[in-house]
Amino acid sequence: MTKLFNAQAVSASVPMVEKVVAEALDDVEQRLAADGACDLATTIARDVPFRVMLRLLGLESAIDVDIDTLARWSDASLELFWGRPRGEREVALAREAAAFYSWLTDLVSQPAPETGTLLGALAAHRLPDGEPLGVPQKAAVVYFMIIAGQMTTTQMLSTMYRRALREPGLWQQFAAEPATVAPWTEEVLRRDPPITTWRRVTGRPMTLSGVELPAGAPLLLMLSSTGSDTEVFENPEQLCPYRSNVRKHLSFGIGRHRCSGAELARMEADVVMRMTAARLPDLRLSDGTSPRMLALLSFRAPLQVLVERG
C-alpha cells in the first residue's frame, strides 16, 4: 500500500489535488453567494480528502455510493469504536458500521481491477505461506484505508481553517505569501493534531519511565503531548513555523507505525489552505463562539467551521 503513497506518487498527484480543490472551491463560492455562509468542515474539508483518496487508490470507478454515504459510515465507525455510545445510539451506529462492512465485502469480492490500484494490489498480494488474502482481510484493509485516509485529513483541515481564520492578519498573509502556508500547517500538526492518543499493548515485559509493565499491558499513548514537550520544543504553546525541529513530533507516529499517508496529508493541507486563501482572501469566521467538537478517545477536531465573506 505504501507504494501508492510514496514521495513520487504524492508529487505526481499535486495537479490532481489542485483540480479537486478548485472544484470544491467552486461549490463553496456558490454556497456563499446563495446563503451568505458556508460550513467548510462539511464541504471542502470533508469532500477533498475523500475524492483524493479514492482517486489515488484507484477506487473512484469502483465506488457505487456517494460521499455523503461514505462519510456517514465513517463517522459512525469512529464513534462506535472510539466513543462511548450507549443504548439505541450504540445499536444505530453498529447498523451503519455493519452496512459499511457489508458493502466492502461485496466490493472486494468483485473481479480484481488493474494492479495499479488498491484492489489490484490486494488481489496480487500473497501471505508468507503463498496463500492470497481472504475477503475479510481485504475488506479490513479497505475499511481502514477509506476511514484513515479521509477522516483524519478532514479533521486536520477543519482545525487548520479555524485556527488560521481566528488569527488576526494570518489569512491575508496566506493569500499574499503562499509560501508561508506549509511551515504554518506543520506547526498546527505539532500543536493540535487530529489524532491525540492511540492504544497499544506491550509485546513483552518492559520498563517505561521507571514503571514496570508486564507483557500484554494495555497502553494509551498521549501522542499530542509530544508536540508540547518543553524538553524538545521551546515555548511549545506558541506557533513558530520556522522551528529547526518542527517535525520532531509524533502526530504521524514513528517507525513501522508511521502513517503511510503523512506526506499526502501535508501536501493536501498546503494545497487546500493556499488555494482557499488565494480564492477567498476576504473569508472570515461568521460565528465567534467555540464550535461543537469531535471529542472521541483518539480524535479531536471542530465539527463546524462556519464562514462568510467580508
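Modeller: Buried means under 20% relative accessible area, exposed means over 50%, and partly exposed lies in between (1.4 Å probe, protein chains only). This is a predicted model, where local features need pLDDT of at least 70 and side-chain atom pairs count only at pLDDT 80 or more, while totals for chains, interfaces and linings use all residues. Residues are numbered from 1 along each chain as its sequence is written, and side-chain values use heavy atoms, with hydrogens and water left out.

Rings of Phe, Tyr and Trp (its six-membered ring) pair if their centres lie within 6.5 Å; planes under 30 degrees apart count as stacked, over 60 as edge-to-face and the rest as tilted. Searching the whole structure gives 11 aromatic pairs. One of the pairs joins tyrosine 161 and tryptophan 171: it is tilted, with 6.2 Å from centre to centre and 50° between the planes. Tyrosine 161 belongs to helix H7 and tryptophan 171 to helix H8 (residues 170-176), so this pair ties together parts 10 residues apart in sequence. Helices (H or I, at least four residues) and strands (E, at least two) are DSSP runs, numbered from the N terminus. Both tyrosine 161 and tryptophan 171 are buried.

Tryptophan 198 and phenylalanine 299 form an edge-to-face pair, because their ring planes stand at 90°, with the centres 6.2 Å apart. This pair links distant parts of the chain, 101 residues apart: tryptophan 198 is in strand E2 (residues 198-201), and phenylalanine 299 is in the loop between strand E7 (293-295) and strand E8 (300-302). Tryptophan 198 counts as partly exposed because its relative accessibility is 24%, whereas phenylalanine 299 is buried, at 3% relative accessible area. Elsewhere, ring pairs join Trp73, Phe100, Trp103 and Tyr143 into a cluster.
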